[in-house]
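Please read this briefing alongside the sequence and the three-dimensional view that follow.

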Amino acid sequence: MKSQVSLFCAATLLGLAGPAVAADAPTDPQIAHIAYTAGNIDIAAGKQALAKSHSKAIRSFAQEMVRDHTAVNNKALALVRKLQVTPEDNPTSQSLTKDAGTERAKLAKLRGAAFDREYINNEIAYHKTVNSALESTLIPNAKNGELKSLLQTGLTLFREHQTHAEQVAKALK
Amino acid sequence: MIGRSRLARIVAACVGGPLFCAVPISATAAPHVYTVVIDKLRFGPLPAKLHQGDTILWVNKDMFRHTATALDHSFDIDLMPGQSGKAVLAKTGPISFVCRYHPSMKGVLQVK
């Protein structure tokens, strides 16, 4: 009985509180967590590409992703320490991580040109998704000025990466 | 002592002579070094009056690695965060340049 109640509570939290949190304006600790998670996912994807791809263009692009997102995430870490904010996990971060796990498993099964195409196409789609989240939700809701400014730099960077990924994809065809 | 001052006059005549005689002043103006700052994924303001022989000092103040790469291959400066590098403008004409990593970062240098 007790476990049933717990399950019910968990289901209620997941089913109601989850979307409620996502629909509500995210707080700064949640925004910081989402932005950091988004960067980390792309760093991991870049490392996977560096481990698997032999294409010069793909490897150069992957190195750029690892380098640029590491730079932003290091700034983000320094900022949350300075502001004494603890990034807070949330349904959006969890959803991003879950989707990234699925894509990672898909990429793990591919090789050669098939891997390169899937990696770069996913990079385009992923950057579009994060750009949209930054524009519509994360930047408008960020309260702290320094966090907002870092997110704006993040948006400019993600847009550049999306354009670059589109160029690389075009050249692969 | 007298010999030395005479030598100095000869040297001055040789160096100064052409400046005030045959060669137009604009052609002998000393080359300038102009600074272009890179920050927040943008190239800063570009110098307006560039001449052949001038130098651009590219200063990367951003947290990202950038390049200043001429499309005509006349220069390719690759800069880690905090680094700076020089490119001498060897010829006249418009020189289009980009950052190889961030495709929207671009500009045109007008060299006379």
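In chain B, the side chains of B:K91 and B:D72 meet in a salt bridge with an N to O distance of 3.3 Å, a salt bridge being a side-chain nitrogen of Lys or Arg within 4 Å of a carboxyl oxygen of Asp or Glu. Because B:K91 lies in the loop between strand 6 (84–88) and strand 7 (93–98) and B:D72 in the loop between strand 4 and strand 5 of chain B, the pair ties together parts that are 19 residues apart in sequence. This is a predicted model, in which local features need pLDDT of at least 70 and side-chain atom pairs count only at pLDDT 80 or more, while totals for chains, interfaces and linings use all residues. Residues are numbered from 1 along each chain as its sequence is written, chains are lettered from A and ligands numbered from 1 in the order in which they are written, and side-chain values use heavy atoms, with hydrogens and water left out.

**Salt bridges**

- A search of the whole structure finds 7 salt bridges over all chains, and side chains of opposite charge can pair in this way when their charged atoms come close.
- Both partners of the pair described above are partly exposed, B:K91 with a relative accessible area of 41% and B:D72 with one of 30%; here buried means under 20% relative accessible area, exposed over 50%, and partly exposed in between, with a 1.4 Å probe and protein chains only.
- B:D78 forms a salt bridge with B:R100, and the closest N and O atoms are 3.7 Å apart.
- B:D78 belongs to strand 5 of chain B and B:R100 to the loop between strand 7 and strand 8, so this pair ties together parts that are 22 residues apart in sequence.
- B:D78 has a relative accessible area of 29% and is partly exposed, and B:R100, at 37% relative accessibility, also counts as partly exposed.
- A network of salt bridges links B:R65, B:D76, B:D78 and B:R100.
- In chain A, the side chains of A:E118 and A:K106 meet in a salt bridge of 3.5 Å, N to O.
- Since A:E118 lies in helix 5 (residues 112–141) and A:K106 in helix 4 (residues 91–108) of chain A, that pair ties together parts that are 12 residues apart in sequence; helices (H or I, at least four residues) and strands (E, at least two) are DSSP runs, numbered from the N terminus.
- A:E118 counts as buried at 18% relative accessibility, whereas A:K106 is partly exposed at 44%.

**A buried serine in chain A**

- A:S53 lies in the loop between helix 2 (28–52) and helix 3 (56–83) of chain A, and at 2% relative accessibility A:S53 counts as buried.
- The side chain of A:S53 makes a polar contact with the side chain of A:D116 at 2.7 Å, where a polar contact is a pair of N or O atoms within 3.5 Å; within protein, one must be able to donate a hydrogen and the other to accept it, and residues adjacent in sequence count only if both atoms are side-chain atoms.
- A polar atom of the A:S53 side chain also lies 3.1 Å from the backbone nitrogen of A:S55.
- Apart from its neighbours within four places in sequence, A:S53 is in contact (heavy atoms within 4.5 Å) with A:I58, A:R59, A:F115 and A:D116.

**Positive phi values in chain B**

- B:K40, in the loop between strand 1 (33–39) and strand 2 (42–43) of chain B, has a positive phi near 50 degrees.
- B:H73, in the loop between strand 4 (66–70) and strand 5 (76–79) of chain B, has a positive phi near 65 degrees, and B:H73 counts as exposed at 73% relative accessibility.

**Where the two chains meet**

- 11 residues of chain B are in contact with 15 residues of chain A.
- Across this interface the rule finds 0 salt bridges, but it does find 3 residue pairs in polar contact, with both residues at pLDDT 80 or more.
- By class, the side of chain B that touches chain A has 6 nonpolar, 2 polar and 3 charged residues; Ala, Val, Leu, Ile, Met, Phe, Trp, Tyr, Cys and Pro count as nonpolar, Asp, Glu, Lys and Arg as charged, and the others, Gly among them, as polar.

**Confidence**

- Chain A averages a pLDDT of 88, and 87% of the residues score at least 70; pLDDT is the predictor's confidence in each residue, from 0 to 100.
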